[in-house]
Amino acid sequence: MVFECVMEVRDYECDLADGVNNSVYMNYLEHARHSLLKRGGIDFAALARQKIGLVIARAEVDFTRSLMSGDQFVVRTLVKRQSKLRYEFHQTIYRLPDEQVMVKAVITGVPINAEGRPRMPAELEPLILALCEA
């Protein structure tokens, strides 16, 4: 299942070269992941209040082109189970309408408990599995 999140570049997200600053792409990717989780019944903020964290263990990002102010784009996300506790979010940012690839990323997420140890709450596992590639 591929999840799509459409957004638009805002002026203040660009650096002196008029392109989107590299750090901003991480925000785009995170927003798309949180939107995907929410659509799957997983409320990131509610989990945090319960001392359950969904954290990034690894981020691999390839920047191929730069978005510019006013560009519309879509972040497409595919979730794959890597192990009992690790999930990979394969994400690609495409400029619209030409579908030019701007960024490709693989973000590895892990659930942690209040002590910071990897732990998958029983109620969370089926929700995450439902988001995974079949």
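Visitor: Before we start, what does "buried" mean here?
Guide: Buried means under 20% relative accessible area. One more thing to keep in mind is that this is a predicted model.

Visitor: Okay, so is Met 7 buried or exposed?
Guide: Met 7 counts as buried, because its relative accessibility is 15% and the cut-off is under 20%.

Visitor: Where does Met 7 sit, and what is it in contact with?
Guide: Met 7 is part of strand S1. Setting aside neighbours within four places in sequence, its contacts are Tyr 28, His 31, Asp 71, Gln 72, Phe 73 and Val 75.

Visitor: Let's switch to the largest nonpolar core. How many residues are in it?
Guide: That core has 33 residues, and the ones touching the most other members are Val 20, Tyr 28, Ile 42, Leu 67, Phe 73 and Ile 93. At least two residues each come from strand S1 (2-8), H1, strand S3 (72-81), S4, S5 and H3.

Visitor: Which element gives the most to this core?
Guide: H1 does, with 7 residues.

Visitor: Tell me about Ile 42. What does it touch?
Guide: Not counting residues up to four places away in sequence, Ile 42 touches Leu 37, Leu 47, Leu 54, Leu 124, Leu 127, Ile 128 and Leu 131.

Visitor: New topic: how much space lies in the largest pocket?
Guide: The largest pocket holds about 220 Å³ of space. Its lining is made of 16 residues, and those nearest the centre are Leu 37, Leu 54, Val 55, Phe 89 and Gly 109.

Visitor: What classes of residue make up the lining of the largest pocket?
Guide: There are 12 nonpolar, 2 polar and 2 charged residues in that lining.

Visitor: Which elements supply the lining of the largest pocket?
Guide: At least two residues each come from helix H1 (22-39), strand S2 (53-63), strand S4 (87-96), strand S5 (100-112) and helix H3 (125-131). H1 has the largest share, 4 residues.

Visitor: Last one, Arg 76. Where is it?
Guide: Arg 76 is in strand S3.

Visitor: Which side chain does a polar contact join to that of Arg 76?
Guide: The side chain of Glu 4, through a polar contact of 2.6 Å.

Conventions: Residues are numbered from 1 along each chain as its sequence is written. This is a predicted model: local features need pLDDT of at least 70, side-chain atom pairs count only at pLDDT 80 or more; totals for chains, interfaces and linings use all residues. Side-chain values use heavy atoms; hydrogens and water are left out. On a 1 Å grid over the protein atoms alone, a cavity is a set of points where a 1.4 Å probe fits but cannot get out, and a pocket is an open set with protein on both sides within 12 Å along at least five of seven lines; lining residues have an atom within 4 Å of a point. Grid points are joined across faces, edges and corners, and a volume is the space filled by probe spheres set on the points. Ala, Val, Leu, Ile, Met, Phe, Trp, Tyr, Cys and Pro count as nonpolar, Asp, Glu, Lys and Arg as charged, and the others, Gly among them, as polar. A nonpolar core is a set of buried Ala, Val, Leu, Ile, Met, Phe, Trp, Tyr and Cys residues joined through side-chain atoms within 4.5 Å. Buried means under 20% relative accessible area, exposed over 50%, partly exposed in between (1.4 Å probe, protein chains only). Contact means heavy atoms within 4.5 Å. A polar contact is a pair of N or O atoms within 3.5 Å; within protein, one must be able to donate a hydrogen and the other to accept it, and residues adjacent in sequence count only if both atoms are side-chain atoms.
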